[in-house]
Amino acid sequence: MTQVAWNDGLKLGLGFQDADHEESVGLMNAMQTCSDAELPALFVQHQTHLREHLARENELMERIGFFAIEVHRGEHERILAEQDTILTKLTAGDLAAVRQYVQEDLPAWFLGHLQSMDAMTALFAQQRGER
Ligand SMILES: [Fe+2]
Ligand SMILES: [Fe+2]
């Protein structure tokens with residue numbers, strides 16, 4: 001299982017982004033340890049949070065004119081489409097697929113995305129006075 005422990009090393013220095021990421025880690029960890037009965041509601045709660053978070057990052061990138069906005073925004077669209085696919089499996093009762101996703105694929109994506117596209121965006125934003 002890929003489990004993310006929130007720590008200062010994951011902070012990128014932008015207030016809203018760090019707060020959102022911390023919330024995401026909390027919800028991901030809850031999904032990894034919850035009962036089958038609790039999983040659907042938690043999955044939807046995290047999905048809603050993620051959609052709102054990614055919209056906030058997209059808005060930031062537009063505002064500051066981030067040079068790689070197309071790539072970063074495109075990755076946001078890809079993960080949201082992936083989430084819809086998993087939700088379809090959840091609705092169909094394929095809990096094994098959803099467990100696999102929340103235990104491995106989602107946290108692995110989260111860490112990789114945070115340390116690459118999000119980190120680059122945060123650095124660029126801070127150079128333009130964002131905090
Ligand atoms: Fe992010
Ligand atoms: Fe992002």
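**Reading the helices and the core**

Modeller: The buried residues of α1 pack against α2 and α4. Bear in mind that this is a predicted model.

Biologist: Which residues of α1 are buried?

Modeller: Start with the general idea. An α-helix has 3.6 residues a turn, so residues three or four places apart point the same way. Now the case here. Gln-17, His-21, Ser-24, Val-25, Met-28 and Met-31 are buried in α1. They cover an arc of only 130° around the axis, which puts them on the same side of α1. On the other side, Gly-15, Ala-19 and Thr-33 are exposed.

Biologist: How far does α1 reach from its first C-alpha to its last?

Modeller: α1 has 19 residues and reaches 28 Å, close to the 27 Å expected. Helix α2, residues 39-64, has 26 residues. Its reach is 37 Å, close to the 38 Å expected. Gly-65 follows α2, and its phi is positive, near 65°.

Biologist: Which residues of α2 are buried, and what covers them?

Modeller: Phe-43, His-46, Leu-50, Glu-57 and Met-61 are buried. Their cover includes α1, α3 and α4.

Biologist: Which residues make up the largest nonpolar core?

Modeller: The general idea again: in soluble globular proteins, nonpolar side chains tend to be buried together. Here the largest nonpolar core has nine residues, among them Val-25, Met-28, Phe-43, Val-98 and Phe-110. α1 and α4 each give two or more residues to this core. α4 gives the most, with five.

Biologist: What is Val-98 in contact with, leaving aside its neighbours within four places in sequence?

Modeller: Val-98 is in contact with Leu-39, Phe-43, Ile-86, Lys-89 and Leu-90. Phe-43 is also in the largest nonpolar core.

Definitions and conventions: Residues numbered from 1 in each chain as written. Chains lettered and ligands numbered in written order. Predicted model: local features only at pLDDT ≥ 70, side-chain atom pairs only at ≥ 80, totals over all residues. Core = buried A, V, L, I, M, F, W, Y, C linked by C-beta atoms within 7 Å. Buried ≥ 20, exposed ≤ 12 C-beta atoms within 10 Å, placed from the backbone. Helix = DSSP H or I, 4+ residues; strand = E, 2+ residues; numbered from the N terminus. Contact = placed C-beta atoms within 7 Å. Expected span 1.5 Å × (residues − 1). Arc of directions from axis to C-beta.
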